[in-house]
Amino acid sequence: MSDAVHLDGITKRFPGVVANDDVTLRVERGSVHALLGENGAGKTTLMNVLYGLYEPTEGRVVVDETERSFDSPRDAIDAGVGMIHQHFMLVDPMTVAENITLGNEPRKWGGLAIDRERAREEVAELSDRYGFDVEPDARIEAVSVGVQQRVEILKALYRGADVLILDEPTAVLTPQEVKDLFEVLEELTDAGKTVIFITHKLGEALTAADEVTVLRDGRNVGTVETAETTRERLAELMVGREVLLETTKTPSEPGETVLAVDGVTVRDDRDVRVVSDVTFGVREGEVFGIAGVDGNGQAELIEAITGLRRPDSGRVRFEGADVTDRSRRERIDEGMAYIPEDRQERGLVMSFDLVENGLLGSQHAPSFASGGRIDWGRAREHAESVIEAYDVRPPNPDTDSAALSGGNQQKFIVGREFEREPSLLVATHPTRGVDIGSTEFIHDRLLELRDAGEGVLLVSSKLEEVRSLSDRLAVIHDGELMGVVDPEEVTEEELGLLMAGERPERDLASLRVTEESS
Amino acid sequence: MTLQDRAATLLARLVDASATERFAISFAALLLSIAVGTVIVLVSGRVTECTTAAFVLTHPTPFGVPRLFAVGFCYDPVAVYDRLFLGALGDPLKQGWSPLSPFSGGPLNPMREGWSPLNRQVAVTLRETTVLIFTGLSVAVAFRAGVFNIGTQGQLVVGGLASALAVLWAVPVAPAGVAGTLVLVPLALLVGALFGGAYGAIPGMLKAYAEANEVITTIMLNFVATGVVGYLVLNHFKDPNSAATQTRSLPGYADFPTLLFDPRNAFSLVALFVGVVVVAGIAYLLTQTSFGYDLRTSGLQPEAAEYGGVDAKRTVVSSFALSGALGGIAGALYVVMILGKYQTGVPSYGFDGITVSILAGNNPLGVGFAALLFGVLKSGTVVVDFATDVPPQLVGVLRGLIILFVAMPEFFRMVGRRAEAVQRRMGETAGRVAADGGDSDE
């Protein structure tokens, strides 16, 4: 069998960073090849080299046994390489057929007009050939994300792609759509096409690919056949050491109540009531988890606690004092740290470097500013210490935070918030979009803070995460707390029922952890 | 697709350009605008009729070759640009000196004999520069805080009248002479800043507490300011001895001390010095203080600012007040440095401030240079008017071209940054769904 793609010793340097270091990759024709690695391992960079978006600093690109030099994606497309990006490049109000043929429309009247009829037929024929089940006349805005992705794939095929690169293709899909996508990939390889897909999820690489190449720190650390490997082996290759896929923790020793939420009701921006009469307390030395399907009021509840949104009614008490009417800044000053849900919108100013970002929230604190003047020297030392202690890469405080990978951005925020030495840490989705290694690291830090006797309020939509970290677990549904349960006792089915807003058969009281009245 | 990619790469390169590169780009843009302007001057010189050509294009006639063509042009582009730039500086260069033969007519000295940097035209240039520094800073501060202050003109008008009235009120109680200058000029600036600031705070409060769009309110408040101030001057504070709509004149010692320059030029080095100090002060404020950090964070990412404990409403009001105060000082300068009284029909310094700020990429240090370029162009225009037959409208076109060309790269940088931010958001959204997509890895 011949190689459809052969990347030979590719090195790609950016100012100050080596994104790919002498990477060699061979992809057999008609196979599915997974490119696996943590965030920032250089997967997307490597594929951008193949797609003509970047020129390699060193190395050869061989497609179809011919050495190529792509100046732009147009060249790559001409050579039969197509790429489907993470975010789709489709025109929403136009139809499927129009989107697929866009830029390459069949013409009539001597090229003066677009032959819509033929475009429709060609798209329908193409869709049938691969069993895609796509309606050519549907508008993009009216079809599901999964269908949109298939339209993107068809677009590449329409342009004559033999090699398809998919960047994190499952990121935007529901589990059912993921299954459908993998079937589509099979159809494609059966028809002789070659598929390379980028992922950081082990399971997907094992399920869908024939071969997996693992990248770490920009280097190829191994190519293996999926039939001959295991999850543990792949995880080890990715992270470079053995990974504990489970967290272990000691029993908690709860103390005084540090945060008391009392009958809080919150309205969202459209003035709809999204949190109704929620009451709970977080004690020193415990992790209090809130589980629930996204969009059930968690975001607004947390905003009310951290001072970003005023509750409609109810009180929030922090360390015994009523802080309902205090500003966000006062709450920060009093020792409430907060890892926000949205790190690129809230947690970091993207065009600030890490020195400036390390100051976010402390810009008026006496430790960094006196008489309204910022001590940039101290701010720099602070950023450097966070970078070192929390292993942020690249370890350069002058990097703009936009240049960091998602995991490293998150590690920096986590570090910054821990360095406040908070008495309460509010963490929302702290490991969302973060790779395995960083997830493990962040989990360990959260438990450390708990063991140091501080309170942690954890919100996550990952069941595994809240269950393994929390000492007490509340389930929120439609803005109401369904109950507080012991995460060790409750079964997954019972949690699922609670999250769906139904009461399990077992009496919840038996699961409830004894709670002092706050 | 390719065109789009190429445009995206270009934008990305612009966004990442270093300070030196940006300066080089600006300079190249300036030369390019002159090249385009030259063509326009030639073409319009061809389509106009005149009795004597300003310059004639022909070919050399060696060995008695008969002349085949000789094309006359009504306007000479070299003369126009020479007047526009060198004229604005009062002709510093020796006649016939060229960079190609720097030593012609004397060792190492291309300067014209008898030329002094203190001449009248330099005074005009620097006078315009000084006022534009303040209006430019006014707009830049607002921009950096993420709000658009189109109302600098109105704040300037309010600050101008307030400072004139304050000085007229204080004259009877203040000492005369140098001591009077020391009291009255700072008073004028302070009152101008206070009133301009208060007037600027109005759209700030409207935005913060009533969610009124600041672009609309500031534009409308410009009309309000001009109208009300015009009414007040005409009906309450008018100089009875003058036909013009103006206040009584301030005493001479209430003017800015002109220092070195001829007092008739209405330019004061002290005022320019104050301007430079304020430029440095605003730069310091933005980069070195907690308030500046709050302001920049709000401008770049309001959500992150809120998360970092910045009170969004208060920041909007205070940055508008600061912006208005700078506009108000410009008004005070117009009164105590240029006119010596308040008169209706104030030139559009406030609107020019918007251009100056964009030209400077909203950077306070850049505002200094952009204001100087603007000052040169404004003062040079007058010289071109005197020295050539080129109509002032055409000179306006050339001026506009220069500004457009120099501002475009900065404009595209802004576009590029915005595009990057949008892309990032799209990427992040995808990534977020990723972790929630019910995967089996966690």
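This is a predicted model: local features need pLDDT of at least 70, side-chain atom pairs count only at pLDDT 80 or more; totals for chains, interfaces and linings use all residues.
Within chain A, helix α9 (residues 298-306) is largely enclosed by the rest of the structure, because nine of its nine residues are buried. The buried residues of α9(A) comprise Gln298(A), Ala299(A), Glu300(A), Leu301(A), Ile302(A), Glu303(A), Ala304(A), Ile305(A) and Thr306(A). Just after α9(A), the backbone of Gly307(A) adopts a positive phi of about 95°.

Strand β18 (residues 336-339) of chain A directs Met336(A) and Tyr338(A) one way and Ala337(A) and Ile339(A) the other way, and all of these residues are buried. In a regular strand, side chains alternate between the two faces of the sheet. β18(A) runs parallel to strand β21 (residues 424-428) of chain A, to which it is joined by four bridges, and in this pairing Ile339(A) stands opposite Ala427(A) of β21(A).

Two helix pairs were examined in chain B. Packed helices are described by the angle between their axes and the distance between those axes. Helix α6 (residues 177-210) of chain B packs against helix α11 (residues 312-339) of chain B at an angle of about 145°, with the axes 5 Å apart, and the crossing of α6(B) with α11(B) is right-handed. The residues of this contact divide into 21 nonpolar, 10 polar and two charged.

For the second pair, the axes of helix α4 (residues 120-144) of chain B and helix α12 (residues 349-359) of chain B come within 7 Å and cross at roughly 60°, again in a right-handed manner. On the α4(B) side the contact involves Val131(B), Leu132(B), Thr135(B), Gly136(B), Ser138(B), Val139(B), Ala140(B) and Phe143(B), which meet Tyr349(B), Gly350(B), Asp352(B), Gly353(B), Ile354(B), Val356(B) and Ser357(B) of α12(B). By class, eight of the residues in the contact of α4(B) with α12(B) are nonpolar, six are polar and one is charged.

Gly151(B) is located in the loop between α4 and α5 (152-170) of chain B. Apart from neighbours within four places in sequence, Gly151(B) is in contact with Gly200(B), Pro203(B), Thr218(B), Ile219(B), Leu221(B) and Asn222(B). Ala54(B), by contrast, lies 97 residues from Gly151(B) in sequence and 43 Å from it in space, C-alpha to C-alpha.

Note on methods. Residues are numbered from 1 along each chain as its sequence is written. Chains are lettered from A and ligands numbered from 1 in the order in which they are written. Axes are lines fitted to C-alpha atoms, for helices over the stretch in contact, and angles run from 0 to 180 degrees between N-to-C directions. A crossing is left-handed if the near helix is turned anticlockwise from the far one by less than a right angle, and right-handed if clockwise. Ala, Val, Leu, Ile, Met, Phe, Trp, Tyr, Cys and Pro count as nonpolar, Asp, Glu, Lys and Arg as charged, and the others, Gly among them, as polar. A residue is buried if 20 or more other C-beta atoms lie within 10 Å of its own, exposed if 12 or fewer, and partly exposed in between; C-beta atoms are placed from the backbone. Two strands pair if DSSP finds at least two bridges between them. Two residues are in contact if their C-beta atoms, placed from the backbone, lie within 7 Å.
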